[in-house]
Amino acid sequence: MKPSFPAAARVALQDAQLRTNLAAATTTIRRKRAAVIEERPDWEELREAGRAIKARVLRHLDHYLVQFERAVQSAGGTVHWARDAPEAGAIVAAIVDATGAREIVKVKSLTTDEIRLNRTLSAAGIATVETDLAELICQLAGDEPSHILVPAIHKNRFEIRDLFRVELGLPGLSEEPSELTAAARAYLRRKFLEARVAVSGANFAVAETGTLCVVESEGNGRFCTTLPQTLITVLGIEKLVPAPEDLAVFLQLLPRSSTGERMNPYTSLWTGVTPGDGPQDFHVVLLDNGRTRVLADEVGRPTLACIRCSACLNVCPVYSRTGGHAYGSVYPGPIGAILTPQLVGTHAAGSLPFASTLCGACADVCPVKIDIPRVLVHLRARVVREQPGAERFPMRLAAWVLGSPRRLAFAQRAARISRGRVPGLGAWTRTRDLPPMPERSFREWWE
Amino acid sequence: MNARAEILARISGALRDVPASERPEDVEVSRGYRQTEEGPLVARFVERLVDYRTAVERVSPGGLVAAITDACRGRGACRLAVPGDLAGHWRPAGVQLVPELELEVQALDTIDGALTGCALAVAETGTIVLDGGARQGSRLLTLVPDFHLCVVEERQIVGSIPEAMTAIAATLRSTGRPVTLVSGPSATSDIELSRVEGVHGPRTLVVLVTSDAGFSRLAHARSPLDPS
Amino acid sequence: MRVALFVTCLNDTFFPATGIAVVRVLERLGHTVDFPTGQTCCGQMHFNAGYQPEAVGLARAFVSVFADAETVVTPSASCAAMVREHFSYLADQSGDGQLASDVAALVPRMFELTELLDRLGVEDLGASYPHRVTYHPTCHALRLLRVGPIPERLLRAVSGLELVELGGAEECCGFGGTFAVKNADTSNAILDDKLAAIARTGAEVVTALDNSCLMHIGGALSRRGASARPLHLAEILAS
């Protein structure tokens, strides 16, 4: 059972290196994002279009999925449907198995992390090579990623140098980021050239044409989706957009929101199979894994609009101090606090909706206008209903007292007599004084 | 019930609040965002490339071949892979142009670079669009070699991403070919947020912009923004 | 003009001086202040903590108490936001059509103090407060009510007041209601940075539109023996 957020956060907050790295990372990306967004006087119009396009897709998801499936099949691809993580993993393993390959290359994909694909493949005797630099670092170190966008933010250059010296067999390697990157390039190039099977996710998928879209910076996505004979793309069912023109909206929203760039270095679009160019064996695995449950909740449904930009992480006062591991989930930060409890159930992630001050900074930056605080409060109500705790009695008592001016006045007098000592506030008074009790309440003054 | 039927059933159940009579197009999408980009497109395109630290030069039609020669000499490049339809188009001094179809992937890995045109380019974001059409070759050609020299004709430059997507959409609908949008060389900031340029794709991207590269005189397969 | 004051349960109990300040400010401007004694709480704490049925009950009582008021003012951005942004959601979720229409009637009449002063076209209240002050824009004021530059405009018009800009002002103070207790470690980590920013201004007073956040900030300031102290903006305007 994973530790609750408060417990995990307490540990994370003590890691000074992590806090420094996070502060630097989030501050830098925030500044860059603000600069490129200021350039766009139509930013709010873009956000509204993004929100509306996703709303349209979600309201007619079955229609768009069937359209997508047909388009992929016409283009020579194969479409599989997976109800949950184990089913998705089994499908991928079976496809890989059929090719006879014992090793695959992988593009970073949160969706594949969500279904624990690497573990499933490993159990089936298939090795996965992560090809995103940060994912490679985490994989070699046996770590979990801690940020959607910069997953190895918790590692410094010296740690990475030491890791590469051992795992890549390069004893003389320096800690210069350019040298570390070059070492990774050489190592991975051999893997790319030998790979027969690749697994990817996708940022977007166009229903009308059956086209998949991967947005990246390093080029490993291009290698994985071009060189191997077999390509398998695991796609959350919510990733669809209706038509190719709609990509224009998201290709403007995503790079500016995530890395603070006008455009990311490489965006790849492919449809099924193209004779003579790229993989000749293409599979899409459509993944539910709780998404239909989110879809069914009208208040929670907009959560599925998320384009995984991580802008909310970078402005969150909580995430920027605790980092991703404290959330105990593949999706951290504000979006994780609403997506994970809805995907896995609030009984399994009940502390996450409370891991927020409801400051609303996330809602302001979300490129598809998800009202994260609203969904947080909605999920809190669900947790309170399902898992009544010790807090319930004092909260009900407080509501009863506040329900009548007479009772409130009485309670105020009682509090004055007890000199404001209220049980259960130890967590407050450890670091903060309580305000002094005034001689009279306002309503007493008014009389 | 198989997975497909079950998932579709779950979705249908989940969307009970959506009236049966509502069609997808009934959900309003207001597109108030900028569709086109104004201003001097070529200058903006060049400016954006410079921002991405991509070497970019505007050359006259008469100076194009010399510029190609110079770019190669600067890198010590004497063999470049090219798409089949560019094989005889230019003869840069001291540089052999090898049609990509004559090269295995391993050979692409060790060749000095690749020379191509593009499908279109986007001024606002400094993007080059490759769609496997005329003068571009396969995806591997612009991915594996460490040096990519790309010739862009001014008329190929559109202002905005929405304009580019309109053209790309036409390509997707009519040909289903893969499309790659390239905006600068590859990069990573994964190590302590320190930006390193050049990870897996070509570490050197050189763009030559000219008013006329002679493309209209070439026989080729069409792509939507080809001069006819 | 007759203005009904919603003082808030927090101010009523712990910060009556803020309520008194609102009365003084409005009376100074020639308005009449009512205090409907049936008022208690807007239900924000329960709503945010996930106790929606309880919050609905408090919302019903609220709209009933203020049903006849032409204008309602409150010295709490978070309570004003609760009424204006969340009451209608609560009504929808509870399926209470009567509440929904009562809320719709109330929302256009509900204002946070500085919003009301701005609407009245007031900038200079004839206040005098010769101290160095820094202003913390609380999250509800900043992002839900979007009061923008109004509070600082009012502060600049106060005679003798030296307004110093707070670095990283838009960052949350870490209070977040029950978050301050349930996630005390993270709350304190966020608060540390806010306190450091306040210290860098050298201000004697940190002011804001919400005593809830000021209570959290001030509680730490006094525990650390810092020289800065909290004071609600209304009390500065009433000086």
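A residue is called buried when its relative accessible area is under 20%, exposed when over 50%, and partly exposed in between, using a 1.4 Å probe and protein chains only. By this rule A:Pro177, with a relative accessible area of 4%, is buried. The model is predicted, so local features need pLDDT of at least 70 and side-chain atom pairs count only at pLDDT 80 or more, while totals for chains, interfaces and linings use all residues. Side-chain values use heavy atoms without hydrogens or water, residues are numbered from 1 along each chain as its sequence is written, and chains are lettered from A and ligands numbered from 1 in the order in which they are written.

A:Pro177 belongs to helix α10 (residues 177-194) of chain A; helices (H or I, at least four residues) and strands (E, at least two) are DSSP runs numbered from the N terminus. Which residues does A:Pro177 touch, not counting residues up to four places away in sequence? They are A:Arg157, B:Ile191, B:Ser194 and B:Val196, where a contact means heavy atoms within 4.5 Å. A:Ile160 is 17 residues from A:Pro177 in sequence, and their C-alpha atoms are 9.2 Å apart in space.

On the scale of whole chains, two pairs touch, and the pair with the most contacts is A and B. Chains B and C do not touch, with 15 Å between their nearest C-alpha atoms.

Chain B contains five helices and twelve strands, and its C-alpha atoms fill a box of roughly 70 × 45 × 40 Å along the principal axes. Of its 228 residues, 58% are buried. Among the contacts in chain B with a separation of 6 or more, 75% join residues 24 or more positions apart. The chain exposes about 9,000 Å², of which carbon and sulfur atoms supply 49%; such areas come from the Shrake-Rupley method with a 1.4 Å probe, and for residues only the protein chains shown count as cover. Chain B carries 23 positive and 29 negative charges, and their mean positions are 2 Å apart. Here Lys and Arg count as positive and Asp and Glu as negative, leaving out His and the chain ends.

In chain A, the domain assignment gives domain 1 (40-157 + 190-289) and domain 2 (401-446), with bounds that come from an automatic or database assignment. The C-alpha centres of these two domains of chain A are 55 Å apart. Chain C is divided into domain 1 (2-119) and domain 2 (132-237), and the C-alpha centres of these domains of chain C lie 22 Å apart. Their contact takes 26 residues from domain 1 of chain C and 21 residues from domain 2 of chain C.

Helix α4 (residues 52-65) of chain C has 14 residues and reaches 20 Å from its first C-alpha to its last, close to the 20 Å expected. Its buried residues include C:Ala55, C:Leu58, C:Ala59 and C:Phe62. The buried residues of this helix pack against α18 and α19 (392-402) of chain A, as well as α3 (44-49), α5 (77-94), α6 (97-106) and β4 (110-112) of chain C.

Two loop residues of chain A complete the picture. Most residues other than glycine have a negative phi. A:Arg116 has a positive phi near 50° and sits in the loop between α6 (110-114) and α7 (117-123) of chain A. A:Lys369 has a positive phi near 55° and is found in the loop between α17 (361-365) and α18 (372-386) of chain A. A:Arg116 is partly exposed at 36% relative accessibility, and A:Lys369 is partly exposed at 32%.

Key: Charge placed at Lys NZ, Arg CZ, Asp CG, Glu CD. Expected span 1.5 Å × (residues − 1).
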